[in-house]
Amino acid sequence: MAGKGTNFVSLYVGDLQKDVTEQILYDVFNAVGPVASVRVCRDNQTRVSLGYAYVNFIQQSDAEKALQDLNYTEINGRPCRIMRSNRDPSKRKSGAGNLTVRNLDKSVTHRQLHEAFAAHGKIASVKIAMDHAGTSKGYGFVQFEEVDAANAALEKMNGAQLGGQAITVHTFAGSATAPEGFTNIYIKHLPDELQSEGALRKELEACGEIVSFVLQTDARSRKFALCEFAKPEAAAAAVEKLHGRDNRTEDEKASQPAQDESDDRFPEYKLFCQRAQTKAERAAELRQQFKAGGGAGRDHNDVKVYVRNLDDDVTEEQLREVFESYGTITFARIPKDGDQSRGFGFVCFQNMEQANKAVESAAGKEINGKEIRVEIAEKREFGKGGWKGGGGFS
């Protein structure tokens, strides 16, 4: 072991199974070169792994070899993701050198995405967005160490073939608002004949060229889709064509009374197809729904659940979908530093029974490959602006 004052070379190792221990990581990485120490990051209270660790090498050359040879290799059945440890989070949060890659075939792996872009410069990180079942969501991110390398990759890789289909590459834009003349649409209430990716994509392609498309399943096993068109005219045509289409048979129409079709209760027997909201718009809508539901004037029975260890890419919509099967949600929020998630969020239920069910049922659930931590949030003063203190809804 090196003496006091030695500067070790640290690697971040993520996407780990919760049963991966320091000893397992030591054995894997020490086969490359002498390891000084290993630390698996754990929950302060439960001591359960948070799914990532730091491995410190004595020699720079050994750390570089481990990064090259072991990145995306399986540890306890799951491919790990290795990066150079960056103690300055401002560079990562700035998005400099970061690219968004869309229209990825679901079979494309982290390693394949890395190899496709590696010719353009040193890559700091590659990440494919995954759903709670570990299936690719059809898009990912490639962050280069240098902005010039990212620009070169953007020029060469946009439209390139990967996994049998053309990918689209854009400069990472964080949560920037949608441009005037939208191209992204959100579709739900899918009938049986549109439950497959091929059938729904064919229906949408009739409206215009598709840049990216993904069909997903929410926490209640309901299918929904997100589609990005090349032109605003195509997106508008899809909304005009699909929104409000009645999915019932003639017999069902005759036997079922019409439902309330107000904006907040769009009937589930009708296809829903509208412009996809930005994160900011969705958050504003949820706040409005919360106020309309009683806001500060209600009986204060609402109970807030605190959700920790969230992946940076988890959205408030996604958080809501994961928890909505446990009860009526009045609010869901993920606090941010600018455009960057702070790694935790809040879900507010109508009563303690629903909140307790969420805590018990969601324990150990994974979102985007990371196991979340769920607990009842400390209830503070509830004032005019919402929950006060503890990162609440003020």
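This is a predicted model: local features need pLDDT of at least 70, side-chain atom pairs count only at pLDDT 80 or more; totals for chains, interfaces and linings use all residues.
Four strands form an open sheet in the order 14-15-13-16, with antiparallel pairing, where a strand is a DSSP run of E of at least two residues, numbered, like the helices (H or I, at least four residues), from the N terminus, and where two strands pair if DSSP finds at least two bridges between them. Strand 14 (210–217) and strand 16 (272–275) stand at the edges with a single partner strand each, so one side of each has no neighbour in the sheet. From one strand to the next, the twist averages 15°.

Residues are numbered from 1 along each chain as its sequence is written, and side-chain values use heavy atoms, leaving out hydrogens and water.

Within this sheet, strand 13 (residues 184–188) pairs with strand 16 in the antiparallel sense over 4 bridges, and Y186 stands opposite Q274 in strand 16. Helix 6 (residues 197–205) lies across strand 13, strand 14 and strand 15 (223–229), at about 145° to strand 14; contact here means heavy atoms within 4.5 Å, and angles run from 0 to 180 degrees between N-to-C directions, with axes fitted as lines to C-alpha atoms, for helices over the stretch in contact.

Let me turn to another sheet, in which 4 strands form an open arrangement in the order 18-21-17-24, with antiparallel pairing. Its edge strands are strand 18 (329–333) and strand 24 (373–376), each pairing on one side only.
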